[in-house]
Amino acid sequence: MIPALMPTYNRADLAFERGEGAWLWTADGRRFLDFGAGIATASLGHAHPHLVQAIAEQAARVMHTSNLYRIPQAEKLAARLVETSFADSVFFCNSGAEANEGMIKAVRKYHAENGHPERFVTICFEGAFHGRTLATLAATGNEKYLAGFGPPVQGFKHIPFGNMNALRDAIDGSTAAVMIEPIQGEGGVRPAPLDVLRQIRAACDEFGVLLALDEVQTGMGRTGKLWAYEWAGIEPDVMSSAKGIGGGFPLGAILAKEKVAKYLKAGTHGSTFGGNPLACAAGNAVLDVILAPGFLEQVERVGRYLWDGLQKLASRHPKLVEGVQGMGLLVGLKLRPEVANGDLQNAAAAEGLLTVAAGMNVLRFAPPLIITEAEVDAALGLLERACLCVAPQGTPANGLPGGEKAAAQ
Ligand code: PLP
């Protein structure tokens with residue numbers, strides 16, 4: 001019989017009762033070090049006092065009023081995002097897919113309003129992941145996810161990731177935008193080389209095409225800068241954000257330059273929940289922490305520390321690991337074809353370390369941004385034990401997620 005909760009996920013048989021910082025506990029007292037952060041989302045870790053207080057206080061005042069009225073919390077959050085990014089204006093929504101859906105609409109609207117409705121095609125990259133709505137599925141372009149859902153939404157073209165020749169060939173009179181994740185997250189923690197991002201920006205300028213960045217996973221400090229595009233020294237025309245922006249509270253955003261945003265006038269786009277007082281109170285609390293002096297520098301430092309540790313682990317396990325890739329606190333271990341990432345993920349969970357699988361046989365580490373070097377050391381120790389349990393041919397010594405007994409609570 002079908003479970004009451006629709007079975008759209010293959011869930012691990014683990015349920016967490018509470019969390020604190022980078023740690024999660026099951027009801028039976030097992031403790032796990034969370035290097036997945038709810039898929040790069042719990043940016044401040046679990047039960048961060050500032051975030052908890054902001055949400056509790058706002059919930060006790062007013063949660064939701066609708067966008068029929070002014071929302072001071074949203075106005076404040078938008079102003080702070082404008083101040084700390086390339087953008088001139090922000091639209092709030094509730095998820096990454098919704099932010100991308102709106103971003104796709106925005107680039108089409110820009111060209112239509114500029115007298116070129118024929119320019120509606122967004123060029124995307126193989127290996128991308130942009131979400132599960134019909135348009136973002138078409139932007140993702142993965143046959144596996146599209147199958148069975150009817151004809152894909154029109155207006156998307158896919159080219160090999162980071163291939164500039166293919167990009168220049170693909171741009172034509174129908175092109176509205178180039179849409180790219182600075183680091184492909186679900187696709188395998190694959191960074192676009194910074195120089196390629198610069199060349200994409202230049203090609204967009206040359207052909208009058210918009211650059212649309214999907215920073216749903218890479219944004220909000222994950223790479224050690226507030227936005228990953230900063231590493232390349234470029235600016236997009238429009239960008240999506242979600243995941244870490246609410247620290248676990250559902251919140252997404254489209255950030256845009258005025259030339260794009262000005263066409264999203266009243267009546268062109270909307271959301272009932274988007275930017276409500278509660279979500280924006282969460283967003284503001286997350287920003288308070290991430291923008292505090294020294295916070296992003298520490299993310300960068302601890303990211304390098306994690307990277308170095310993973311490199312050493314990789315060199316000790318050449319039969320399991322091909323290499324390390326990623327940036328900041330979005331890092332992946334690329335495994336050899338003989339070792340399934342799911343097996344190492346299960347073995348790590350059995351040791352008490354939570355990670356997330358990604359495409360191309362990569363095991364992804366996206367811990368809360370508040371982790372310490374000591375927690376990285378702990379994670380590397382658990383991962384080392386997991387590596388020793390996973391034979392190159394595949395099966396973990398320990399099948400089911402186990403966790404640490406809660407000795408050190
Ligand atoms: N874009 C990127 C880069 C993502 O990693 C994801 C989710 O993994 C999405 C979009 C979709 O976000 P959501 O699941 O919040 O709709």
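Mentor: Let us begin with a single residue, keeping in mind that this is a predicted model. Leaving aside its neighbours within four places in sequence, glutamate 384 is in contact with Leu313, Arg316 and His317, and its side chain makes a polar contact of 2.7 Å with the side chain of arginine 316.

Trainee: Where is glutamate 384 placed, and does it count as buried or exposed?

Mentor: Glutamate 384 lies in helix 13, and it counts as buried because its relative accessibility is 18%, where the cut-off for buried is under 20%.

Trainee: How should I describe two helices that pack together?

Mentor: Two packed helices are described by the angle between their axes and the distance between the axes. Here the axes of helix 12 (residues 341-351) and helix 13 (residues 373-389) come within 8 Å and cross at roughly 125 degrees, and the two helices are therefore oblique to each other. Helix 12 passes helix 13 in a right-handed crossing, with Leu344 and Ala347 of helix 12 and Leu382 and Leu383 of helix 13 among the residues that make the contact. By class, this contact has 8 nonpolar, no polar and 2 charged residues.

Trainee: And what should I look for in the backbone angle phi?

Mentor: Most residues other than glycine have a negative phi. Alanine 40, in helix 1 (residues 37-40), has a positive phi of about 60 degrees although it is not a glycine. Lysine 243, in the loop between strand 11 and strand 12, likewise has a positive phi, near 40 degrees.

Methods: Residues are numbered from 1 along each chain as its sequence is written. This is a predicted model: local features need pLDDT of at least 70, side-chain atom pairs count only at pLDDT 80 or more; totals for chains, interfaces and linings use all residues. Side-chain values use heavy atoms; hydrogens and water are left out. Axes are lines fitted to C-alpha atoms, for helices over the stretch in contact, and angles run from 0 to 180 degrees between N-to-C directions. Helices (H or I, at least four residues) and strands (E, at least two) are DSSP runs, numbered from the N terminus. Angles under 35 degrees count as roughly parallel, over 145 as roughly antiparallel, 65 to 115 as roughly perpendicular and the rest as oblique. A crossing is left-handed if the near helix is turned anticlockwise from the far one by less than a right angle, and right-handed if clockwise. Contact means heavy atoms within 4.5 Å. Ala, Val, Leu, Ile, Met, Phe, Trp, Tyr, Cys and Pro count as nonpolar, Asp, Glu, Lys and Arg as charged, and the others, Gly among them, as polar. Buried means under 20% relative accessible area, exposed over 50%, partly exposed in between (1.4 Å probe, protein chains only). A polar contact is a pair of N or O atoms within 3.5 Å; within protein, one must be able to donate a hydrogen and the other to accept it, and residues adjacent in sequence count only if both atoms are side-chain atoms.
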